[in-house]
Amino acid sequence: MRRAVCPGSFDPVTNGHLDIVGRASRLFDEVIVGVLVNQSKSGLFTVEERIDMLREVTASYDNVRVESFRGLLVDFCRAQQASVLIKGLRAVSDFDYELQMAQMNIGLAGVETLFMPTNPLYSFLSSSLVKDVAKWGGDISAHVPDRVREELSARLVPPSRD
């Protein structure tokens, strides 16, 4: 079975993330969306909330499942019996960092990294940017699934613009 992992923090998941997951699901028998548990970083959403949103918005893909992990990504890949990582690249700046990670992962555990260029519609999109726009009451409906937009609207109250 050809199995791949799409890792990330997904705080929150964006349409750019979903584009990569959907495209990967056509290339592999199974895609595992790995949600990183990073205790040194507090996200807007809990890991459980992120997993719940991801499971809902990926439900239409029969071969995608969502799991959390802590520690080394290559250990998670081994535990999932996945030998490939899928990473979306938005810009050249992403490549510099991701190449170093890919080289470390192949050296540590023989896990290959497949770089997938982001759809140009989402090349500027990041979870941080979505949260910033939502915080100020901007329209993020073209950038995230409806469920995520609703959760962000409920969580973030725009500051007064005095």
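Contact here means heavy atoms within 4.5 Å, and the model you are looking at is a predicted one.

Begin by selecting Val57, which is found in helix α2, residues 47-57. Is Val57 buried or exposed? Its relative accessible area is 17%, and because buried means under 20%, Val57 counts as buried. Now display its neighbours: leaving aside residues up to four places away in sequence, Val57 touches Val13, Leu18 and Pro145. If you then select Asn15 as well, you will find that Asn15 and Val57 are 9.8 Å apart in space, C-alpha to C-alpha, although 42 residues apart in sequence.

Next, select the whole of α2 and colour its buried residues, which are Val47, Arg50, Ile51, Met53, Leu54 and Val57. When you look down the axis of α2, these buried residues fall within an arc of 165 degrees, so they line one face of the helix. What covers them includes α1 (15-27), β2 (30-36), β3 (64-69) and α6 (146-155), which you can show one after another.

Finally, select helix α3, residues 73-80, together with helix α4, residues 92-109; the two pack at an angle of about 55 degrees, with their axes 10 Å apart. That angle makes α3 oblique to α4, and the crossing of the two helices is right-handed. To see the contact itself, show Leu73, Val74 and Arg78 of α3 with Asn105, Leu108 and Ala109 of α4; the residues of this contact divide into four nonpolar, one polar and one charged.

Definitions and conventions
Residues are numbered from 1 along each chain as its sequence is written. This is a predicted model: local features need pLDDT of at least 70, side-chain atom pairs count only at pLDDT 80 or more; totals for chains, interfaces and linings use all residues. Side-chain values use heavy atoms; hydrogens and water are left out. Axes are lines fitted to C-alpha atoms, for helices over the stretch in contact, and angles run from 0 to 180 degrees between N-to-C directions. Helices (H or I, at least four residues) and strands (E, at least two) are DSSP runs, numbered from the N terminus. Angles under 35 degrees count as roughly parallel, over 145 as roughly antiparallel, 65 to 115 as roughly perpendicular and the rest as oblique. A crossing is left-handed if the near helix is turned anticlockwise from the far one by less than a right angle, and right-handed if clockwise. Ala, Val, Leu, Ile, Met, Phe, Trp, Tyr, Cys and Pro count as nonpolar, Asp, Glu, Lys and Arg as charged, and the others, Gly among them, as polar. Buried means under 20% relative accessible area, exposed over 50%, partly exposed in between (1.4 Å probe, protein chains only). The arc is that of the directions from the helix axis to the C-beta atoms.
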